[in-house]
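Okay, thanks for coming, everyone. I'd like to walk you through one model today, starting with the strands and then moving out to the helices and loops. Have a look at it first.

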Amino acid sequence: MLSNIRVVLVGTSHPGNIGSVARAMKTMGLSNLYLAEPRTEPDGHSIALAAGASDILKNLVTTDSLEEAIADCSLVIGTSARSRTLDWPMLDPRQSGEKLAAQATTGPVAIVFGRENHGLNNEELQRCNYHVAIPANPEYSSLNLAQAVQIICYETRIAHLALNEKPVEVIEYPLSADLQRFFEHLEKTLSETGFIVKNHPGQVMVKLRRLYSRAQVEAAEMNILRGILTSIDKKIAAKDKTNE
């Protein structure tokens, strides 16, 4: 199950951090490292700081975007401080570890870490089902990238070990790419009905993304929602044809 859990680093700019992250992952039994839009590549410094985890560096996957890195994941959790402007479903590290471990029993899941200097942007955070915030000392909350990865990987390992002692209910959830197609379909249909203004969805789509992220609908439920949208699309098309 741990092999289904990928650590995704977005826009990493320091080679040493990549090596330190690999070391943090391997100590907890995780091995899948993705670099999305990296500003640097692993080098000798990375290998030195990996301290025996160079196999993770050798097998890492580099992608051109976060969207590509998480496309086949059914659960995506992004690391973030609590935000007043983007009120997303929040988890603490223990809750995130439990969700990652449980859902990894059915397929790939991802925990996403942002840039060293300013983390993930709002668009990237909206690609995530949940956000996780590490409750560090508010007077000094400076964690480096590898430390943050270590904390989440530890909680994930503890949750994974606990799963061996109890049965897990297997639930199929839509992949990130499927969820993105649903949001695009939803925006298109709502634009056609006049519920939102075409080319200017404003905050409506952000709030709808937050709603469905909080609900984390199952794959079968997503199929029903897509079917509802398709039926609305057909009614609109038939009405337009009648009015011609």
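Helices (H or I, at least four residues) and strands (E, at least two) are DSSP runs, numbered from the N terminus. And two housekeeping points. This is a predicted model, where local features need pLDDT of at least 70 and side-chain atom pairs count only at pLDDT 80 or more, while totals for chains, interfaces and linings use all residues. Residues are numbered from 1 along each chain as its sequence is written, and side-chain values use heavy atoms, with hydrogens and water left out.

Which strands does β6 pair with? Strand β1, residues 5-10, pairs with β6 in the parallel sense over five bridges, and in there Leu9 has Phe113 as its bridge partner. Strand β4, residues 76-79, also runs parallel to β6, joined by three bridges. There, Ile77 is partnered with Ile111.

Now, is β6 buried or exposed? Buried means under 20% relative accessible area, exposed is over 50%, and partly exposed is in between, with a 1.4 Å probe and protein chains only. By that count, five of the five residues in β6 are buried. Both faces are covered, with Val109, Ile111 and Phe113 on one side, and Ala110 and Val112 on the other.

Staying in this area, find Leu75, in the loop between α4 (66-70) and β4. Leu75 counts as buried because its relative accessibility is 0%. From Leu75 to Val109 is 34 residues in sequence, but 4.9 Å in space, C-alpha to C-alpha. Contact, by the way, means heavy atoms within 4.5 Å. Skipping neighbours within four places in sequence, the contacts of Leu75 include Pro108, Val109, Ala110, Tyr130 and Gln216.

Gln216 sits in the loop between α9 and α10 (219-242), and its phi is positive, about 45 degrees, although it is not a glycine. Most residues other than glycine have a negative phi. Gln216 counts as buried, because its relative accessibility is 10%. Glu37 is another non-glycine residue with a positive phi, near 50 degrees. Glu37 is in the loop between β2 (32-36) and α2 (44-50), and at 37% relative accessible area it is partly exposed.

On to the aromatics. Rings of Phe, Tyr and Trp (its six-membered ring) pair if their centres lie within 6.5 Å; planes under 30 degrees apart are stacked, over 60 edge-to-face, and the rest tilted. How many pairs turn up in the whole structure? Three. One of them is Phe182 with Tyr212, edge-to-face, 5.1 Å centre to centre and 85 degrees between the planes. That pair links distant parts of the chain, 30 residues apart: Phe182 is in helix α8 (176-193) and Tyr212 in helix α9 (204-215). Phe182 is buried at 1%, and Tyr212 is buried too, at 18%.

Last stop, two helices. α1 (15-27) and α7 (145-163) pack at about 15 degrees, axes 9 Å apart. Axes here are lines fitted to C-alpha atoms, for helices over the stretch in contact, and angles run from 0 to 180 degrees between N-to-C directions. Under 35 degrees counts as roughly parallel, over 145 as roughly antiparallel, 65 to 115 as roughly perpendicular and the rest as oblique, so α1 and α7 are roughly parallel. Among the residues making the contact are Ser20 and Ala24 of α1, and Val149 and Cys153 of α7.

How values were computed. Two strands pair if DSSP finds at least two bridges between them.
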